[in-house]
Amino acid sequence: MYRLLFAIFATALLTACGSVSSETHEKYTDIPEISVTMDARGIPDAAEDQPLFIEVNKDGKNVDTADVSVEVWNAAEDPSTSTTYSATRREDGIYVAPIDIEMTGLYLAKAHVSTGEIKATPLQYFMVGHLSANEFDLLEELVPGENNAVGGHH
Amino acid sequence: MEATGERLAPEEQVNIAQNEIEGSVTRYRPGEDPERSAEVAIATEDGTSYTVFVDPYEGTVLGILNDDRRIMDIIEKVHGELMAGTVGDRIVELAACWTIIMIITGLYLWFPRKAKDISGILLPRLKQGRKIMIRDLHAVTGFWWSGGLLLFLLTGMLWTGLWGNSVQNITTMSGAGYPPSIWIGPAPESGVKTEEIADVSWAAEDLPAPRSENLSGRLPVSINDIVASAEEMGVHPTYDIFYPSGETGVFTLSTFPNQAQDEATVHIDQYSGVTLADYRFQDYGFIGKVMALGITTHKGLQFGLINQLFGLVICLGLISMIITGFWMWLKRKPQGNTGAPASDRLIHHKVPFIILIVLAIFFPLVGISLIAVFLFDLLIVQRVPMLRKWLNVKEKRRTD
C-alpha cells in the first residue's frame with residue numbers, strides 16, 4: 001500500500017511538471033523571420049533627393065518583390081504633415097527612397113512594406129545635422145534614456 | 001452612446017484616456033458595435049488597473065472603472081476560486097474531481113446486473129413508495145444527467161491550476177492542443193529594438209562615415225496601424241489589443257467571442273508591425289478544438305439560448321441529486337455515527353479499487369487527497385476511539 005501511494009504521489013507530481021517553450025510555436029505555425037531595416041545614414045544634412053535605404057529580408061534572404069514606400073515627417077510636427085516617397089529596388093535587392101529634407105532636426109520615417117505575405121510598417125527616428133534643445137527633449141520623450149547616448153547636447 | 005460623425009483615430013482615443021489616468025496603457029478595445037464605447041486599460045504605478053471608457057466620436061470620457069470591481073470578474077473569481085486565490089482554486093478543483101469520481105462510481109452502482117425491465121434503470125418508479133421513488137430519482141437522473149455533468153465538469157476543470165494547467169501543457173506541447181500563448185506558454189518576441197547601424201554594411205558603402213551624433217533607431221508602431229491590421233486580417237470585431245509588456249514584447253490581438261470558430265490570437269512585432277503568429281480555430285490541434293468548443297459550451301455561448309437552458313437543466317439535475325443523495329443518507333444513517341460502510345480492505349473490491357487508482361493518477365489532486373485521508377486515518381482516526389466509532393472504523397485494522 002505504501003508503495004502504491006508513493007507511485008500515485010510521484011505520478012501526480014510528474015503530471016504537473018513540464019512547460020511549453022517558444023519552440024512549440026513551430027508545431028502550430030510557421031513563423032518566418034522577417035526584418036525590415038531602414039538606414040538613414042545617407043541623409044546627413046538638409047538637402048533634396050537624399051537616399052533612405054530599406055532592406056526587406058525573409059528568413060535571411062532579400063525580398064525582391066515588395067511594394068515599398070516611406071512616409072517622412074519632422075518629429076515635432078503631426079504625422080499628417082508627412083510626405084510619402086516611393087522606393088525603388090536597387091540591383092542588390094535594397095530599396096531606396098529619395099528624401100527631401102528642408103532643415104536639420106529630428107525626423108520620423110515610417111515604411112510601408114507589402115508583398116503577398118508580408119505587411120510591415122516599421123517606424124524609425126533619425127537625426128539630420130544637429131538637434132536643438134527642444135528636439136533633444138522630444139527625443140527623450142520618444143526614447144527615454146537615448147539622449148544620454150549622444151551626450152552633452154542638453 | 002450615439003454614433004455620430006467620424007471616429008477619432010485609436011491613438012487619439014488612447015491619449016484622451018491617458019489624460020484621465022496616469023500610467024501605462026495595457027489594452028485597447030475599439031468595440032464591436034458602432035454605438036459601443038472604446039475601452040482603454042491603464043495600469044498605474046501602484047499596480048491598480050483601470051478601464052477608461054471613451055466616446056470615439058466626441059472624444060469624451062464616459063466613465064472610469066477599477067478593474068477589480070468588474071462584476072463579471074468578481075463572479076468568475078467566486079465561481080473559479082471562491083475569491084481565495086490558489087487555495088480556492090485547489091478546493092474547486094478537488095470538489096470537481098471528486099464529483100467526477102462520484103458520477104463514475106455512481107454509474108458503477110447504477111449499472112443493471114439482474115434487471116428485467118427498464119423501471120428503476122432508465123425510468124424512475126414513482127408509484128412504489130417514497131423510498132424507491134427517491135432512490136430512482138437519484139440513480140436514474142444520475143444516469144441520464146451524467147454525460148452533461150461530465151461535460152461541464154471536465155470543461156470547467158480546464159481552468160483549474162493543477163489539472164487544467166497540466167492538460168494544457170501536455171496537449172500544447174504535443175501539438176494537439178491550443179497553440180502556445182493562448183492558454184499557456186510564451187508569445188513570440190519582437191525583434192531587437194535598436195539595430196546596430198554599424199552592423200548594417202550592405203546599404204551605404206559609398207556614403208560618408210556617420211557622425212557620432214547621427215543617431216537613429218526604431219520606435220514602436222502606432223496603435224492605429226495595429227487596428228488597421230486587425231481589420232485587414234478580418235479578426236472578429238470583439239477583439240482586444242494588448243500592448244507589449246517590455247522591449248521584446250508584442251502587440252497581441254485577442255478575441256474569444258461566443259462561437260469558438262471565431263476565436264483569434266494574433267501576435268504583432270511592436271517595431272515592424274509584422275504579424276509573427278496568427279492563430280485561429282483552424283490552427284488548433286484536434287484536442288484544442290474540442291476544448292475550445294467545450295469551453296464555449298460550458299459558458300453557455302456556443303449554441304445561444306438552447307445552450308444556456310441545457311446548462312440550467314444540468315445544474316437543476318445536479319441539485320436534485322445532491323438533495324436526494326443527502327435524503328437517502330439521512331434515512332439510512334444510524335444514530336451516533338455517520339453510517340459509513342464498515343471499513344474493509346479496499347483491495348478486496350477490485351473494480352472500485354481500480355477505478356479509484358486510475359482516477360487518482362488522472363487527477364493528481366485526488367491522489368494527493370487520498371494520501372491525506374490515508375494519513376488522517378493512520379495518525380488520527382486510529383488513535384481516537386470516538387472518531388473511530390463515528391466513522392465506523394474497526395479497531396486495530398491493518399493499514400496496508
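The model is predicted. Chain A holds three helices and ten strands, while chain B comes to eleven helices and nine strands. Eight strands of chain B form an open sheet, and helix 1 and helix 6 of chain B both lie against strands of that chain.

**Confidence in chain B**

- The average pLDDT of chain B is 89, and 92% of the residues score at least 70.
- Residues 193-213 of chain B have a pLDDT below 50, although in the model this stretch has 41 contacts beyond near neighbours in sequence.

**The two chains in outline**

- Chain A has 154 residues, of which 47% count as buried.
- Read from the N terminus, the elements of chain A follow the order α-β-β-β-β-β-β-β-β-β-β-α-α.
- The accessible surface of chain A is about 7,900 Å², and carbon and sulfur atoms supply 49% of that area.
- In chain A, 54% of the contacts with a separation of 6 or more come from residues 24 or more positions apart.
- Chain B has 400 residues, and 42% of them count as buried.
- The accessible surface of chain B is about 21,900 Å², with 61% belonging to carbon and sulfur atoms.
- In chain B, 52% of the contacts between residues at least 6 apart in sequence join residues at least 24 apart.

**The sheet of chain B**

- The eight strands of the open sheet stand in the order 4-3-2-1-6-7-8-9, and their pairing is antiparallel.
- Strand 4 (61-66) and strand 9 of chain B are the edge strands, since each pairs on one side only.
- From one strand to the next, the twist averages 20°.
- In general, the strands of a sheet pair through backbone hydrogen bonds, and the pairing may be parallel or antiparallel.

**The hairpin at strands 8 and 9 of chain B**

- Strand 8 (residues 264-269) and strand 9 (residues 275-280) of chain B run antiparallel and are joined by five bridges.
- These two strands of chain B form a hairpin with five residues between them.
- Within the turn, B:G273 has a positive phi of about 75°.
- B:I268 stands opposite B:T275 of strand 9 in chain B.
- B:A264 stands opposite B:R280, which also belongs to strand 9 of chain B.

**Helices against the strands of chain B**

- Helix 1 (residues 10-20) of chain B packs on the sheet and touches strand 1 (24-29), strand 2 (38-43), strand 3 (49-54) and strand 4 of chain B.
- The direction of helix 1 makes about 50° with that of strand 2 of chain B.
- Helix 6 (residues 223-233) of chain B lies across strand 1, strand 6 (240-242), strand 7 (250-255), strand 8 and strand 9 of chain B.
- Helix 6 runs at about 40° to strand 7 of chain B.

**Details of helix 6 in chain B**

- B:S222 caps the N-terminal end of helix 6, with a side-chain oxygen 2.9 Å from the backbone nitrogen of B:N224.
- The buried residues of helix 6 are B:I223, B:D225, B:I226, B:V227, B:S229 and B:A230.
- Just after helix 6, B:G234 takes a positive phi of about 70°.

**B:T255, a buried residue of strand 7**

- B:T255 is found in strand 7 of chain B.
- The relative accessible area of B:T255 is 2%, so this residue counts as buried, the cut-off being under 20%.
- The side chain of B:T255 makes a polar contact of 2.6 Å with the side chain of B:T238.
- Not counting residues up to four places away in sequence, B:T255 touches B:V235, B:H236, B:T238, B:Y239, B:D262, B:E263 and B:A264.

**Two residues of helix 11 in chain B**

- B:R388 lies in helix 11 of chain B and is buried, with a relative accessible area of 10%.
- A polar atom of the side chain of B:R388 lies 2.8 Å from the backbone oxygen of B:Q382.
- B:W390 also lies in helix 11 (residues 385-391) of chain B, but it counts as partly exposed because its relative accessibility is 45%.
- Apart from its neighbours within four places in sequence, B:W390 is in contact with B:G336, B:N337 and B:T338.
- B:W390 and B:G336 are 54 residues apart along the chain, and their C-alpha atoms are separated by 6.6 Å.

Note on methods. Residues are numbered from 1 along each chain as its sequence is written. Chains are lettered from A and ligands numbered from 1 in the order in which they are written. This is a predicted model: local features need pLDDT of at least 70, side-chain atom pairs count only at pLDDT 80 or more; totals for chains, interfaces and linings use all residues. Side-chain values use heavy atoms; hydrogens and water are left out. Two strands pair if DSSP finds at least two bridges between them. Helices (H or I, at least four residues) and strands (E, at least two) are DSSP runs, numbered from the N terminus. Axes are lines fitted to C-alpha atoms, for helices over the stretch in contact, and angles run from 0 to 180 degrees between N-to-C directions. Contact means heavy atoms within 4.5 Å. pLDDT is the predictor's confidence in each residue, from 0 to 100. Buried means under 20% relative accessible area, exposed over 50%, partly exposed in between (1.4 Å probe, protein chains only). A polar contact is a pair of N or O atoms within 3.5 Å; within protein, one must be able to donate a hydrogen and the other to accept it, and residues adjacent in sequence count only if both atoms are side-chain atoms. Accessible areas come from the Shrake-Rupley method with a 1.4 Å probe; for residues, only the protein chains shown count as cover.
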